[in-house]
Structures are given as C-alpha cells and as structure tokens.
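Subject: Structure for you to look at

Dear colleague,

I am handing over the structure below, and my notes on it follow. Please read them with the model open beside you.

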Amino acid sequence: MSEIREFKTESKRLLELMINSIYTNKEIFLRELISNASDAIDKYHYLSLTDDKLDRSREYEINISIDKDSRTLSIKDNGIGMTKEELIDSLGTIAKSGSLEFMEKMKDAEASEQSKLEIIGQFGVGFYSAYMVASKVEVTTKSPYSDKAYRFTSNGTDSYEIEELEPTFEGSEVKLYLRKDEGEENEYDRYLDQYEISDLVKKYSDYIRYPIKMEFEVEKQKKDEEGNNIENEYEKVLEVRTLNSMTPIWKKKKNEVTDEELNNFYKQKYYDYQDPLANIFINIEGALNYTALIFIPKKAPYDLYSDKYEKGLQLYSKGVFIMDKCKDLVPDYLRFIRGLVDSNDLSLNISRELLQQSKELADISKNVEKKIVSKLESMLKNERELYKEFFNNYGINIKYGIYDKYGLKKDLLKDLILYHTVNQEDYVTLKEYVESMKEGQEFIYYASGKTKEAILALPQMDLIKKQGYDVLVLTDEVDEFMINVMQEYEGKKFKSINQGDLNLISDEDKEKIKQQSEDKKSLLEKLKEILADDVKDVVLSERLETSPVCLVSEDGLSFEMEKVISQMPNSKDIKATRILEINPKHKLFEAIENLYNDNDPMLETYAKLLYDQALLIEGIAIKDPVAFSNMMCELMVKQAKY
Ligand code: ADP
C-alpha cells in the first residue's frame with residue numbers, strides 16, 4: 001500500500017535551494033542526520049522513563065553502513081521512530097522552528113542566490129541537507145506508537161511517496177542514494193569510503209552521547225585450531241567499530257579532570273607539542289548554560305599578527321560541532337586564545353548570520369571574556385612568574401585592548417598591564433606604582449624610549465631623578481596611545497616627562513623662573529624668531545638640572561606618537577608641537593646671552609645647533625644633517641687653539 005503526496009510549498013523551495021547548493025560544505029549532511037538520530041534516541045529514552053510500553057533497557061546505538069554496489073549510505077538509529085502522521089508532518093513539511101526561522105530569514109534577506117546557498121551549505125537545515133549529496137532518500141521508520149512501519153521515499157522534487165511495511169526493527173533508517181560524481185572528482189564517491197565517513201564522524205559528531213558504529217572489513221591473520229596466528233595467511237573479517245568518543249572532556253565534572261588530561265587534550269586537538277601556558281575550564285549553569293575550555297598557548301602562533309590569522313573558538317551545540325572559528329566569541333585583544341564553547345542554548349539549525357545576532361552567543365561571549373580576564377588577574381596575583389611569561393608573549397594585545405574602541409575596555413584591563421620603570425628591576429603594575437608614589441608626587445610619570453638607559457640619560461629626567469620619582473618606561477609603539485586613552489589611574493593623572501608643567505619644583509622656584517623669563521624676554525623672543533619654522537616657543541626650563549636644553553611637546557600628540565603615525569601608510573604629516581626649553585642655570589645660557597648682548601651673528605648658529613641637539617636627544621632625525629655638520633665644524637675651527 002503506498003501513496004504519493006506533494007510537498008508543501010515552502011519545503012519545495014528549500015529543497016530546490018538544497019539540491020542546487022553546489023558551492024559549499026556538503027559534508028555537514030552527515031552531522032545533521034546523526035543529530036536527528038541522536039535526538040530520536042533522546043526522545044525514546046525520555047518517554048521510556050514514564051511509559052511502560054517502551055523498553056527501558058534498550059541499548060541505544062546509531063549504525064552507519066555503506067553499500068558500494070547500490071551507492072547507498074545508511075544511518076540507522078533505535079530511537080523513537082515516526083508514525084505515519086509524524087512522518088508526513090516532519091518530513092513532508094517544514095514546521096520546525098529552526099527551519100522556519102531560517103526560511104523567514106531567506107525570504108527577507110536581500111541576499112543573492114549565491115549567499116543563500118552558502119548559508120545552507122554551511123549550516124544545513126536538518127533532514128533536507130541529505131539532498132545535497134543524495135538524488136533519492138528513503139526513510140524507513142517504526143514508532144512504538146504504531147503497529148506498522150512506514151517508508152518515505154523522495155527524490156526531493158515535487159512529491160514523496162509513503163509506503164506501509166511490516167516492521168523489522170524499531171527506530172529509523174535514513175538511506176541516501178548518493179549522486180554520481182560529474183564535475184568534481186570524488187565529490188560524492190567519498191561518502192562511500194568508510195574511512196572518510198569515519199573521519200567525518202570524528203570531526204562533527206565525536207561527542208554524540210550514543211555510540212555511532214560501523215562495520216569494517218579488516219584483514220586479520222588466520223588462526224589455527226589452538227588459536228595461534230598462522231604466518232602469511234590472512235582472512236577478511238567484519239569488525240564493528242565505534243567511531244565517536246562519546247564523552248567530551250569538557251562534559252566531565254571540573255574536579256574530575258586533571259590538568260594533565262586538559263593539557264593532553266589541548267596538544268592533540270590543536271597540534272601543539274607544548275603544554276598550554278594556562279587552561280580555563282568554565283562551566284556555567286543557570287539562565288545561561290554553557291561549558292567552555294579555553295587555552296592560552298605557551299607561544300603566540302607565528303601568524304598571530306598577520307591578516308591571515310583567524311581568531312575564534314570552536315562552537316558546539318549539545319556536543320555537536322557547529323563551527324570551527326566562531327570569531328564572535330573572542331574579542332580582538334584575546335585573539336591568541338584557543339578552545340571551544342559548548343552550549344545547550346544554541347540551535348543547531350541556524351545560519352552563521354543568525355548566529356551572529358543570537359543573544360545567547362553575545363552573552364556567552366561576554367561571560368567568557370570576563371572569566372578569562374579574572375583568570376589573568378588571579379595569575380597576576382598568585383603566579384607572578386607565569387603571568388610575566390604570559391605578558392611577555394601577549395601583553396601587547398592587552399594594551400591594544402585598552403586602546404581599542406576609544407577605551408571601552410580600559411577599566412576591565414588596566415590592571416593587567418605590567419610596566420618597566422626607571423627605579424625598579426622588575427615589572428610593576430599601575431597599582432603598585434601608585435602605592436609606592438612619594439609624598440608630594442602628583443603625577444604618574446612616563447617616558448618613551450628604546451631602553452631604560454636611554455630614558456635615564458634624557459635631560460628631561462634631571463629633576464625627576466633628583467626627586468627620586470619613579471617613571472614608567474614605555475617601549476612599545478602602542479604604549480602612549482594606550483596611556484592617552486586611560487588618562488588617569490585611581491585619580492592620578494599620567495604625565496609624560498616631555499610635556500608641560502611637571503610640578504617638580506617649589507612655587508618659590510617657579511616664581512623665580514617666571515621672573516627670569518620676564519627679564520630675558522627679548523633674548524627668548526630672538527631665539528624664537530630664529531627657530532620660527534621649527535618650534536612654537538622657546539622658554540626657560542623648570543625641569544632641567546645639569547643639561548643645557550631639551551625639547552618638549554604640548555599636551556596631546558607626543559613625539560613618540562608622531563613617530564608611530566608617520567610610519568603608517570598614507571599618514572598625514574602630523575607633528576607634535578615643539579617647545580624648546582633652555583636651562584637658565586647652564587653655562588651655555590650665559591654664552592648665548594653674551595652673544596646676544598654683543599649682537600654677534602654666531603647667535604643664529606648657536607640657536608640652530610641647540611635645536612638640532614635637542615632633536616637628536618629625542619631620537620628625532622634632524623632636518624639638515626649637512627648644515628648641522630657644517631655648523632659644528634665652524635665652531636670647532638673657532639675653538640681650535642693652534
Ligand atoms: P529538526 O531536526 O530541526 O527538527 P529536521 O528536518 O532535521 O529538522 O527533522 C524534522 C523532524 O523529523 C524532526 O524534528 C523529527 O521529528 C523528525 N525526524 C528526523 N529524523 C528522525 C529520526 N531519525 N527519527 C525520528 N524522527 C526523526
């Protein structure tokens with residue numbers, strides 16, 4: 001007894017798209033069918049708890065078999081099966097939420113046909129994905145709530161056929177008649193290869209809770225009557241193998257998993273030969289349900305900073321693999337982490353686009369980020385050496401994390417940064433810096449330079465050194481940008497040793513310099529006039545002790561930032577505002593004053609040389625090295641006494 005029925009319209013449309021999905025990831029059909037089988041077993045099991053008619057001791061399994069002659073691949077389960085009505089309802093129409101949502105999306109989307117195909121290709125929509133690889137599908141099924149078995153057969157065009165059969169088993173068997181390879185070699189034939197199928201099961205369905213079994217034909221050495229191997233004699237025997245490992249390590253209880261197990265899992269899964277620097281096992285139950293395993297590799301991946309590097313965590317839904325690099329789960333500054341998230345709250349049948357808008361995913365992502373940050377905080381507190389190793393590898397990423405998005409994450413991350421300082425051998429945090437600030441110290445001082453030594457030698461350090469204030473040593477390009485975004489820490493403002501009022505001298509001394517500046521106004525004006533193309537102002541310095549000059553910048557763009565920006569492609573010629581400071585206590589100032597009073601034309605040479613020297617000290621290239629050298633020669637000749 002059989003009947004032919006028409007597919008509902010929306011199913012037809014989906015089928016059409018599915019069949020024409022010639023572009024992408026067809027192999028996911030297997031994952032979809034295995035997930036359906038697993039769901040059917042779940043349902044049976046659940047019902048068996050309350051329904052005596054069902055077999056409570058059933059040994060659940062999913063069987064895969066291949067028949068090369070008829071080019072078929074079958075996935076069989078001993079789950080709940082379907083009654084005739086259910087069969088028509090489930091496979092003859094698309095009524096399920098995931099699929100329906102998907103269809104809505106497809107309807108609204110002004111997406112091109114190609115991108116629609118990609119959505120399906122990558123995520124599939126359950127049962128129908130079988131038609132990506134099969135030209136005909138037969139589903140034979142028997143529900144415990146029906147006396148008969150039924151077979152659904154369709155080539156996925158307009159109609160399907162339902163046949164009534166005498167039952168031979170309980171559950172469902174989905175048999176795919178694979179398409180023939182036409183264009184691409186091995187496009188469909190690969191699904192007739194046991195090893196290929198076994199790899200796909202491992203890849204996508206390794207953590208399905210029920211055994212997925214397949215019979216393998218293997219060659220074994222023959223045995224004699226006593227059970228000893230007979231040399232050089234082999235026979236073919238059938239061996240049933242379970243393809244999946246079933247219990248994922250992250251599904252175990254946290255206290256049941258050792259660090260060694262986690263490390264081994266990491267090494268095997270991510271092909272690293274070293275243990276990770278740290279692992280984080282997250283298990284959240286409540287409004288949000290998920291498990292995550294996060295690893296920080298010991299060494300940053302070699303291509304971490306290249307455009308090709310893809311950040312992301314693997315995404316599973318109830319143990320079923322969905323996606324390899326889900327980038328929405330990882331903020332950019334943590335791009336180096338590896339690991340996975342498994343959630344019960346995510347629908348499997350969901351396209352990448354829908355996934356991106358999923359609130360659950362956004363919540364998980366936020367939560368994972370917080371957990372990682374708090375793990376890092378606890379490492380910093382309790383395992384300082386390890387944290388230093390982490391920071392040496394990845395600190396720069398965290399710095400970018402602070403700078404990125406106009407400082408959105410600065411409060412979350414500011415305590416994770418380690419600094420070298422001029423007074424201390426070891427790294428300090430901002431908290432530690434502030435705690436050891438001297439009495440009367442108003443600012444958190446910082447200086448940029450190549451090394452601590454170079455910074456210590458800077459003239460701007462004269463008075464700071466005398467006061468014994470510590471100074472953060474900034475050597476990474478991003479440092480000053482990060483500090484600019486932070487602006488302050490615990491109410492203390494950051495201050496570059498190169499910038500305006502450093503508050504290093506007493507009010508009395510300040511007044512004195514102010515008076516002096518008034519007295520020497522015309523000289524300073526003259527110098528400013530000579531250097532008008534280069535500096536905004538020439539002033540007497542409050543910060544110099546023994547050095548003759550230094551160059552400082554106004555608040556805002558600093559010299560270091562100027563250097564970084566000028567190296568960027570298509571950068572505009574942006575310059576920090578330069579102010580030349582002269583030390584009124586230095587002998588050189590006296591010399592200049594004399595030249596000025598004598599109206600000596602050498603004043604111009606002196607002014608220019610002073611400016612060039614200040615540039616050199618700052619590590620900024622001088623505009624005209626030849627002119628500089630000529631001026632030096634002129635002075636040397638004058639000075640030479642022979
Ligand atoms: P989804 O799995 O998202 O519901 P599918 O198209 O994969 O969508 O399947 C539609 C329905 O068909 C399922 O909800 C289920 O009721 C039924 N079904 C599919 N495969 C099986 C199976 N192996 N055993 C029992 N029912 C099944």
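A residue is called buried when its relative accessible area is under 20%, exposed when it is over 50%, and partly exposed in between, with a 1.4 Å probe and protein chains only. This is a predicted model, in which local features need pLDDT of at least 70 and side-chain atom pairs count only at pLDDT 80 or more, while totals for chains, interfaces and linings use all residues. Residues are numbered from 1 along each chain as its sequence is written, and side-chain values use heavy atoms, with hydrogens and water left out.

With that in place, G401 is buried, at a relative accessible area of 3%, and is found in helix α10; helices (H or I, at least four residues) and strands (E, at least two) are DSSP runs, numbered from the N terminus. Leaving aside neighbours within four places in sequence, G401 is in contact (heavy atoms within 4.5 Å) with Y333, K409 and L413. Between G401 and M482 there are 8.7 Å in space, C-alpha to C-alpha, although they are 81 residues apart in sequence.

Helix α10 (residues 384–407) also holds Y406, which is exposed, with a relative accessible area of 82%. Most residues other than glycine have a negative phi, but Y406, which is not a glycine, has a positive phi of about 55 degrees. Phi is likewise positive, near 55 degrees, in N503, another residue other than glycine. N503 sits in the loop between β19 (492–496) and α16 (507–519), and counts as partly exposed at 25% relative accessibility.

The second largest pocket deserves a careful look. A pocket here is an open set of points on a 1 Å grid over the protein atoms alone, where a 1.4 Å probe fits, with protein on both sides within 12 Å along at least five of seven lines, and its lining residues have an atom within 4 Å of a point. The volume, which is the space filled by probe spheres set on the points, with points joined across faces, edges and corners, is about 760 Å³ for the second largest pocket. There are 28 residues in its lining, and Q268, K269, Y270, Y271 and Q314 lie nearest its centre. Domain 1 (2–222 + 231–242) and domain 2 (249–387) both give residues to this lining, so the second largest pocket lies between them; the domain bounds come from an automatic or database domain assignment. At least two lining residues come from each of α6 (194–205), α7 (259–270), β12 (313–317), β13 (320–326) and β14 (338–343), and α7 gives the most, with 4 residues.

Helix α3 (residues 84–91) has K84, L87, I88 and L91 as its buried residues. These cover an arc of only 100 degrees around the axis, taken from the directions from the helix axis to the C-beta atoms, which puts them on the same side of α3. Among the elements that cover them are β1 (2–6), β4 (134–142), β5 (149–154) and β6 (159–165).

Two further residues complete these notes. K465, in helix α14 (residues 462–467), is partly exposed at 42% relative accessibility.

With best wishes
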